Amino acid sequence: MMDVSGVGFPSKVPWKKMSAEELENQYCPSRWVVRLGAEEALRTYSQIGIEATTRARATRKSLLHVPYGDGEGEKVDIYFPDESSEALPFFLFFHGGYWQSGSKDESAFMVDPLTAQGVAVVIVAYDIAPKGTLDHMVDQVTRSVAFVQKRYPSNKGIYLCGHSAGAHLAAMMLLADWTKHGVTPNLRGFFLVSGVFDLEPIVYTSQNVALQLTLEDAQRNSPQLKVAQAQPVDPTCRVLVVVGQFDSPEFHRQSWEFYQVLPAQTLCQGEWKASFEELHDVDHFEIVENLIQKDNVLTQIILKTIFQ
């Protein structure tokens with residue numbers, strides 16, 4: 001890992017003036033958790049996710065491990081409301097874990113509160129590093145969205161939600177070229193939760209040991225650098241960028257700057273309907289753990305966006 005301070009970077013980007021140690025700290029979300037130690041925060045997050053998934057599989061109508069592609073890791077779990085029809089809103093969730101941990105089998109946090117209100121929830125698996133490269137993960141997520149549209153063509157809207165690394169993958173769908181997938185998904189909303197949108201800083205942290213990103217890979221896969229040129233999928237599509245009060249300053253900066261580039265472009269089709277939300281009193285993990293509760297702020301924002 002290299003020390004990035006004094007490498008001749010433009011000074012307006014704060015991370016470029018940090019020591020390697022400080023940069024590492026900024027991009028290690030568990031170190032910013034106030035209520036628990038770092039290890040315990042990760043363990044608790046995983047445990048809540050596993051319990052929520054076990055409960056969802058036991059109590060909700062579901063189709064589990066449905067392949068969206070030929071790869072072994074290319075599967076989704078689909079959870080349905082009791083009154084299921086084809087004409088449902090579909091909420092797709094991409095888990096976090098720095099593109100190198102986590103799985104769909106411990107990520108069904110929001111299934112109970114959303115299916116109870118008539119939303120189908122799809123938890124998406126993708127090949128994490130080192131098995132999957134970032135380009136491959138972006139391609140998999142793109143195909144998973146196309147798969148849901150093809151399988152449920154009369155859906156009442158597809159809403160993408162990602163957490164942390166998953167928020168990055170969801171944001172990349174703002175740039176997807178759907179023509180080569182033979183379908184234009186009915187994208188109506190994005191919920192980008194505590195995400196990373198400019199990947200360049202990651203190159204200089206220990207997270208890159210498994211990812212093996214070159215600077216070129218990072219730039220190619222940074223929605224921050226490209227979204228200003230993208231066409232809105234649909235002028236009514238909402239993009240909500242969310243960060244937790246106790247996320248690190250760099251995670252705050254990443255979210256705020258991504259939000260800032262979103263509505264800047266007024267295009268002939270209209271502009272992104274973007275909003276930014278800092279959620280009070282939650283850290284990088286609670287922000288998603290709390291989605292198990294129907295009266296949680298973010299759960300309510302999601303439902304309101306879907307049913308507005």
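Entry 1, second largest pocket. I sorted its lining by class and got five nonpolar, three polar and six charged residues. For the classes I took Ala, Val, Leu, Ile, Met, Phe, Trp, Tyr, Cys and Pro as nonpolar, Asp, Glu, Lys and Arg as charged, and the others, Gly among them, as polar. The model is a predicted one, where local features need pLDDT of at least 70, side-chain atom pairs count only at pLDDT 80 or more, and totals for chains, interfaces and linings use all residues. Residues are numbered from 1 along each chain as its sequence is written, and side-chain values use heavy atoms, with hydrogens and water left out.

The lining has 14 residues, with Val138, Thr142, Ala176, Asp177 and Lys180 nearest the centre. A pocket here is an open set of points on a 1 Å grid over the protein atoms alone, with protein on both sides within 12 Å along at least five of seven lines; lining residues have an atom within 4 Å of a point. H4 supplies the largest share of this lining, four residues. I noted a volume of about 270 Å³, meaning the space filled by probe spheres set on the points, which are joined across faces, edges and corners.

I found 21 lining residues, and Leu42, Gly97, Tyr98, Ser101 and Phe285 lie nearest the centre. The lining divides into six nonpolar, 14 polar and one charged residue. Helix H2 (residues 38–59) gives the most, three residues; helices (H or I, at least four residues) and strands (E, at least two) are DSSP runs numbered from the N terminus.

Which residues of H4 meet H5? I listed Leu134, Met137, Val138 and Val141, against His168, Leu169 and Met172 in H5; contact means heavy atoms within 4.5 Å. By class, this contact has six nonpolar residues, one polar and no charged.

Is His181 buried or exposed? His181 counts as buried because its relative accessibility is 12%; the cut-offs are under 20% for buried, over 50% for exposed and partly exposed in between (1.4 Å probe, protein chains only). His181 sits in the loop between H5 and strand E6 (187–193). Leaving aside neighbours within four places in sequence, I found His181 in contact with Asp139, Thr142, Arg143, Ala146 and Lys150.

Lys61 belongs to strand E1 (residues 61–67). At 39% relative accessibility, I logged Lys61 as partly exposed.

Conventions:
On a 1 Å grid over the protein atoms alone, a cavity is a set of points where a 1.4 Å probe fits but cannot get out, and a pocket is an open set with protein on both sides within 12 Å along at least five of seven lines; lining residues have an atom within 4 Å of a point.
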